Amino acid sequence: MLSVHPLKRINVKDALEHPFFASLHNPDDEPVAHANFDFSFEDEKLHRARLQELIWQEVGDFRPSCLPVPPRRDASKSFCRRLYHT
């Protein structure tokens with residue numbers, strides 16, 4: 001069932017019907033996507049400063065009070081650049 005090679009591993013439907021998942025499988029509560037997912041956002045090459053910026057943005061979405069500086073107003077400056085270089 002667990003195979004790294006994408007052409008050799010089973011698909012999601014077959015995995016959910018596998019005996020290992022029998023206690024978790026509920027066909028009435030397992031929606032099927034009618035279109036492929038777009039994961040192109042994962043193609044961005046992340047350097048350290050950009051990764052820090054994304055993490056702070058994520059933190060700010062859930063806990064704005066945890067942000068060390070006010071939310072970005074000037075889109076031309078990176079959050080991390082303002083955080084560490086101002």
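This report describes the fold, the surface and a few selected residues of the protein shown above.

The model is a predicted one, and its secondary structure consists of three helices and zero strands, which follow one another along the sequence in the pattern α-α-α. Of the 86 residues in the protein, 8% are buried. Among the contacts with a separation of 6 or more, 21% are accounted for by residues 24 or more positions apart. The accessible surface of the protein amounts to about 8100 Å², and carbon and sulfur atoms contribute 58% of that surface.

Helix H1 spans residues 12-16, and Leu16 belongs to this helix. When its neighbours within four places in sequence are left aside, Leu16 is in contact with Phe21, His25 and Glu30. The C-alpha atom of Leu16 is also separated by 8.7 Å from that of Asn26, a residue ten positions away along the chain. Leu16 is classed as partly exposed because its relative accessible area is 32%, a value that lies between the limits of 20% and 50%.

Between helix H1 (12-16) and helix H2 (48-62) runs a loop that contains Phe37. Together with Phe39 and Phe41, Phe37 forms a nonpolar patch on the surface, and the accessible area of these three residues together is about 410 Å². Phe37 has a relative accessible area of 65%, and is therefore counted as exposed, the cut-off for that class being over 50%.

The two residues for which a relative accessible area is quoted are set out below.

Helix H2 comprises 15 residues, and the distance from its first C-alpha to its last is 22 Å, which is close to the 21 Å expected at 1.5 Å a residue. Which residues of H2 are buried? Within this helix, Gln52, Glu53 and Gly60 are buried, and they lie on the same side of H2 because they cover an arc of only 100 degrees around the axis. The other side of H2 carries Arg48, Asp61 and Phe62, which are exposed.

Key
Residues numbered from 1 in each chain as written. Predicted model: local features only at pLDDT ≥ 70, side-chain atom pairs only at ≥ 80, totals over all residues. Heavy atoms only, no water. Helix = DSSP H or I, 4+ residues; strand = E, 2+ residues; numbered from the N terminus. Buried < 20%, exposed > 50% of the residue type's maximum accessible area, 1.4 Å probe, protein only. Contact = heavy atoms within 4.5 Å. Areas by Shrake-Rupley, 256 points an atom, 1.4 Å probe, with all protein chains shown as cover. Patch = residues over 30% accessible without salt bridge, like charges linked within 9 Å, V, L, I, M, F, W, Y side chains within 5 Å. Salt bridge = Lys/Arg side-chain N within 4 Å of Asp/Glu carboxyl O. Expected span 1.5 Å × (residues − 1). Arc of directions from axis to C-beta.
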